[in-house]
Amino acid sequence: MSPDHHTTASGHWLDVVVATPAHRALGDTLTYRHTDELAAGTLVRVPLGSRTVPGVVWACTDCPPTGLDPDKARWVAAVLGGCPPLNPNWRTLVGFAARYYQRSLGEVALAALPPQLRDLQPEQWLRKMRKLAKSAAAGTPHTTTPDTAIWPTPSTEQQAGLNALVQAHQPVLLFGATGSGKTEVYLQAARQLLEADPMAQVLVMVPEINLTPQLQQRFVDRFGQAQVALMHSGLTPAQRLEHWLAAHTGRARIVLGTRTAVLGSMPRLRLIVVDEEHDPSYKSQEGARYSARDLAIYRAQLETRHGAGCRVVLGSATPSLETWHAAQQGRYLQLDMPTRMGGAEPPALRLLDMARQPKGTVLPPAVVSAMTERAARGEQSLVLLNRRGYAPVLACHACGWKSHCPACSAYRVFHKMDRSLRCHHCGLAEPVPRACPDCGNLDISPVGKGTEQLEEQVATLLGGHQRPDGQPLRVARMDADTTRAQGSLETQLARVHGGEVDVLVGTQMVAKGHDFRRITLVVALNADAALFASDYRATERLFALLMQAGGRAGRDASLSQKPELWVPTWNPTHPLFGALKKHDYALFAAQQLQERQVAQMPPFTHQALLRAEARTQASAQAFLNAAREAASTLEGAEHLVLYPPVPLAIQRVAHVERAHMLLESTSRPALQHVLAQWHTALAACRQLPAAKGLIRWAIDVDPLSI
Ligand SMILES: [Zn+2]
Ligand SMILES: [Zn+2]
């Protein structure tokens, strides 16, 4: 109830967004009252049910909205003052993201704010603001660039890219080979823009910050710690708030972050960099399933229409086909940087035809001798296998039992280190049974191979060979299992850089971003799996992975040996390898785009998925069938293809059945128009008796895998 001193007519009426359930009607705001007028974008705490939650003021008027009983509206509990309101461009960005990705405004807005807002009481918030104001008054660190900063003179190629970039009026694709010095271009572009405008801010996004500590260090070295704010999930809640405020108040001039940073508040944004723009981690896989790369393009255009102008640059050696296609059509400006720094040569591709190898070959003998030769010269080798654990499945050869996960339609993976069977989908872990649970046979054995086993096999094959110092060769493994503990990734990286490792075995996480100067041989195992995967993007990802993996090799031009990328395959004549051999991404992209055009797949069509999770497959399918039926009657549905529902490849995870249906259209607006109308119908479909077991549903716009 309202306090006594508030009369019915007094005060102001606020539209406030709060973190509402995901499928509330889009654009929904709640109405609250407050004695004073509050600017749109002000942070507040408001009562919701029996709780008090953070919210953002979206609009403020001095008369009650029509149809609302003034006495029913509740009063704002507290205003979180002391910092400027979120500006109109930020609110427009959030509104666009919510609409386009079919989520509630409040969910997107609150997810973009530091999580600590939920827990901080108004007086704690005020204390924090006072402390920040005091430290800001004590020194203005953002006006000084560290004297020690070294700014190398850009190469001719970098300078040309830089000049074009800072003058560009459209999104820029910086198409640069691995090791061509794209980061230097980002650094110099940031410097130019920051020097030209003392208030300007720059956003630099990377797929995963923890994997690229060197990049963060370079920005800190050049601009100073105080100027660089971080935005990623690895920070503590207190750090996230602190860095968010630094960006929001303009004290930090550079924000370095992962995909979540695209929704950060940066009031004077003048440049957005999306490094390794092809990386799938830019697409969120939960909540609002947004693409940070696509939102970066939108945000730059928004800042240009309603602001001082903002450039956006997408950097990659293997751009996504969407980006490449946009550049080919002239919608993006393409800048080429083909030369590797320091004269390092791109790795030579060598295909090992598995049909010609001895039967039962684990690692072709040529690979073993290549590794020992390199170790003798003090060089390193990297073996990639994208499957962790010891073996993907354990089997009984007497009765055919396999290590199924009881909760998922997947096998549990055998981990030898702690003799466990672990499900990589639901996390269920149990000790390996002593005998076959079905027939009692004691002889149950691993089938297939993961990194743990590969490490063991490589060590065996290299046994007896020596390093120049007479020591035995050292094999190490890097994957999600060995790097889980805090600080272990850094320790392992340091061992590789320090030359303590001769052969490194790892998953694709090793191929991302690291700069291994002494690796001259990369061997990519099991590449064939991607060539015939049902996911139509698998070849695109394989090409990127192999180019990137090869890019790890031979960064150090002083090494005499030309770097090599070896790929064992049963399909040496596959066109992908032809393009890879020539380091010709353009050739590969042309092949792929032609296939996609013929088959009418993205980027030539636009897609959305309706995903359903249910207690039974039947109820998931019933919901999706009803939803498909409902979609077919909506305005504009004639421009869409509505596919029948199908179960997911891994149909059941943690006892939950999963299915989806695909919607496709050559017109993005037509697809969006149908999606926007669909929500009411979906809520009704959920109530159908046949869909009783439905747990949740979600729309995924521009899905990455179907
Ligand atoms: Zn058995
Ligand atoms: Zn499982």
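Reader: In which loop does Gln-102 lie?

Author: In this predicted model, Gln-102 lies in the loop that links α1 (88–100) to α2 (105–111).

Reader: What makes Gln-102 count as buried?

Author: A residue is buried when 20 or more other C-beta atoms lie within 10 Å of its own. Gln-102 has 23 C-beta neighbours inside 10 Å, and therefore counts as buried. Its backbone deserves a remark as well: Gln-102 has a positive phi of about 60°, although it is not a glycine.

Reader: How do you know whether His-583 is buried or exposed?

Author: The cut-off of 20 applies again. His-583 has 21 other C-beta atoms within 10 Å, so it is buried. His-583 is placed in the loop between α15 (575–581) and α16. Its phi, near 55°, is a positive value in a residue other than glycine.

Reader: Why is helix α9 (residues 321–328) called largely enclosed?

Author: Of the eight residues of α9, six are buried, so the rest of the structure largely encloses this helix. The buried residues are Leu-321, Thr-323, Trp-324, His-325, Ala-326 and Ala-327. Their cover includes the strands β7 (172–176), β12 (311–316) and β13 (333–337) and the helices α14 (538–551) and α16 (585–598). Just after α9, Gly-330 takes a positive phi of about 90°.

Reader: What makes Ala-327 a buried residue?

Author: Ala-327, placed in helix α9, has 21 other C-beta atoms within 10 Å and is therefore buried. Not counting residues up to four places away in sequence, Ala-327 touches Leu-173, Tyr-332 and Gln-334. Ala-327 and Pro-171 are 156 residues apart along the chain, while their C-alpha atoms are separated by 9.0 Å.

Reader: Why is strand β24 (residues 564–569) described as mostly covered?

Author: Five of the six residues of β24 are buried. β24 also has partners. With strand β14 (residues 348–353) it pairs in the parallel sense over six bridges, and the bridge partner of Leu-352 is Pro-568. Strand β23 (residues 519–524) runs parallel to β24 and is joined to it by three bridges, with Leu-521 opposite Glu-564.

Reader: What is the order of the open sheet of six strands?

Author: The order is β14-β24-β23-β15-β22-β21, with parallel pairing.

Reader: What makes β14 and β21 (475–478) the edge strands?

Author: Each of β14 and β21 pairs on one side only. From one strand to the next, the twist averages 20°.

Reader: Which peptide bond is cis, and what is its omega?

Author: The bond from Pro-602 to Pro-603 is cis, with omega near 5°. Pro-603 is found in the loop between α16 and β25 (606–614).

Reader: What does the domain assignment of the chain give?

Author: The assignment gives domain 1 (12–87 + 96–133), domain 2 (152–341), domain 3 (344–388 + 451–598), domain 4 (389–449) and domain 5 (606–701). The C-alpha centres of domain 3 and domain 5 lie 40 Å apart.

Reader: What is the mean pLDDT of the chain?

Author: The mean pLDDT is 89, and 94% of the residues reach 70 or more. Over residues 1–5, however, the pLDDT is below 50, and beyond near neighbours in sequence this stretch has one contact in the model.

Methods
Residues numbered from 1 in each chain as written. Chains lettered and ligands numbered in written order. Predicted model: local features only at pLDDT ≥ 70, side-chain atom pairs only at ≥ 80, totals over all residues. Buried ≥ 20, exposed ≤ 12 C-beta atoms within 10 Å, placed from the backbone. Helix = DSSP H or I, 4+ residues; strand = E, 2+ residues; numbered from the N terminus. Pairing = 2+ DSSP bridges. Contact = placed C-beta atoms within 7 Å. Domains from an automatic or database assignment. Axes fitted to C-alpha atoms, helices over the stretch in contact; angles between N-to-C directions. pLDDT = per-residue confidence, 0-100.
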